[in-house]
Amino acid sequence: MPKLSTNTKSDLLVHIGILFTAGLALLLVFFFLYLPWATNHDETLKVPDLKGLSIEAAEDALDSRGLSYEVSDSTFVAGLEPLSVHSQYPKPDATVKKGRKVFLTIITNKVPKVSIPDVVGRSVNSARNLLSSVGLQVEQVEYIPAIEKNTVLKIKFENQEVPISKTVPKGSKLVLVAGDGLGNTIMNVPDLVGMSKEEAELTVAGSSLNLGNVLIDNSSNMPAGTVVRQRPDVGSSIRVGEEISIWVSGN
């Protein structure tokens with residue numbers, strides 16, 4: 001092996017120059033030749049849309065493009081096919097290098113359970129929104145005689161009344177039982193004939209009834225603004241919350 005002389009200062013400088021040049025050449029080869037080749041610098045492709053595909057179909061789609069995958073999470077969504085792709089990262093059409101791993105969120109076939117929130121005493125719309133926020137559905141609303149109009153009084157699941165905080169499968173359909181604003185109390189219709197319209201309104205409200213239509217009767221000789229007729233008639237049976245219509249004299 002030939003030896004380079006280092007007897008003089010100029011020889012030493014030559015040696016240093018040779019070593020520097022060789023090192024620089026190695027760096028250039030590494031960064032501009034080896035590294036791009038090792039990392040597929042110029043080989044990019046777009047990630048396919050995998051949402052809704054089965055695991056097998058998603059794997060085939062990725063393999064055909066030189067990509068791999070990893071299941072990073074799972075979630076349950078009512079109505080979607082179990083063991084299918086729910087979401088992915090990177091997103092569809094993202095540009096990546098060949099060999100990149102795509103992380104998948106899969107629809108699980110295990111239905112999680114949730115507790116029914118306390119919706120008793122809430123309005124039907126408020127209860128519906130709260131149940132939806134925890135993944136439960138309102139199948140229908142049943143109305144029963146009760147003064148609490150449009151207010152949830154109890155909850156049914158699978159045709160049985162269930163207590164608050166009962167655990168049910170996520171996505172379950174519930175029935176809300178609400179009041180119709182009338183109630184079960186039966187009473188006799190008060191006599192409003194001869195009263196002024198204002199007195200009749202107070203009497204109706206004080207009897208837990210509602211004033212219905214107020215009509216004008218031009219044929220009566222009674223002072224203007226006086227109740228001359230009513231429906232239902234005096235003494236009829238009526239439920240709390242129902243309406244009484246009146247005819248008032250005058251024009």
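**Close-up views of a predicted model**

**View 1. Helix H2 and its buried face.** Helix H2 spans residues 55-63, and its buried residues are Ile55, Ala58, Ala61 and Leu62. Looking down the axis of H2, you will find these buried residues within an arc of 125°, so they line one face of the helix. Glu56 and Asp60 are exposed and sit on the face of H2 turned away from the buried side. The cover over the buried residues includes strand S2 (68-75), strand S3 (85-89) and strand S5 (101-107). Please keep in mind that this is a predicted model.

**View 2. An open sheet of 3 strands.** The strand order here is S13-S16-S14, and the pairing is mixed. Strand S13 (210-217) and strand S14 (227-231) are the edge strands, each pairing on one side only. On average, neighbouring strands of this sheet are turned by 25° against each other, direction ignored. S13 and strand S16 (residues 243-249) run parallel and are joined by 6 bridges. To find your way along this pairing, look for isoleucine 216, whose bridge partner in S16 is valine 248. Helix H4 (residues 197-206) lies across S13, S14 and S16, and runs at about 160° to S13.

**View 3. A charge over a ring.** Here the charged end of arginine 229 sits over the ring of tryptophan 247, 4.1 Å from the ring centre. If you are looking for aromatic pairs, the structure holds 0 of them.

**View 4. The loop between S13 and S14.** Asparagine 221 has its place in this loop. With a relative accessible area of 79%, asparagine 221 is exposed. Asparagine 221 and glycine 250 are 29 residues apart in sequence, and their C-alpha atoms are 8.5 Å apart in space.

View 5. The bond from tyrosine 89 to proline 90 is cis, with omega near 0°. Proline 90 lies in the loop between S3 and strand S4 (95-97). The bond from arginine 231 to proline 232 is also cis, again with omega near 0°. You can find proline 232 in the loop between S14 and strand S15 (237-239).

**View 6. Positive phi in residues other than glycine.** Asparagine 159 has a phi near 65°. Asparagine 159 lies in the loop between strand S8 (152-157) and strand S9 (160-162), and is exposed at a relative accessible area of 76%. Serine 208 has a positive phi of about 60°. The loop between H4 and S13 holds serine 208, which counts as partly exposed at 43% relative accessibility.

Conventions:
Residues numbered from 1 in each chain as written. Predicted model: local features only at pLDDT ≥ 70, side-chain atom pairs only at ≥ 80, totals over all residues. Heavy atoms only, no water. Buried < 20%, exposed > 50% of the residue type's maximum accessible area, 1.4 Å probe, protein only. Helix = DSSP H or I, 4+ residues; strand = E, 2+ residues; numbered from the N terminus. Arc of directions from axis to C-beta. Contact = heavy atoms within 4.5 Å. Pairing = 2+ DSSP bridges. Axes fitted to C-alpha atoms, helices over the stretch in contact; angles between N-to-C directions. Phe/Tyr/Trp six-rings, centres within 6.5 Å; stacked < 30°, edge-to-face > 60°. Lys NZ or Arg CZ within 6 Å of the ring centre and 35° of its normal.
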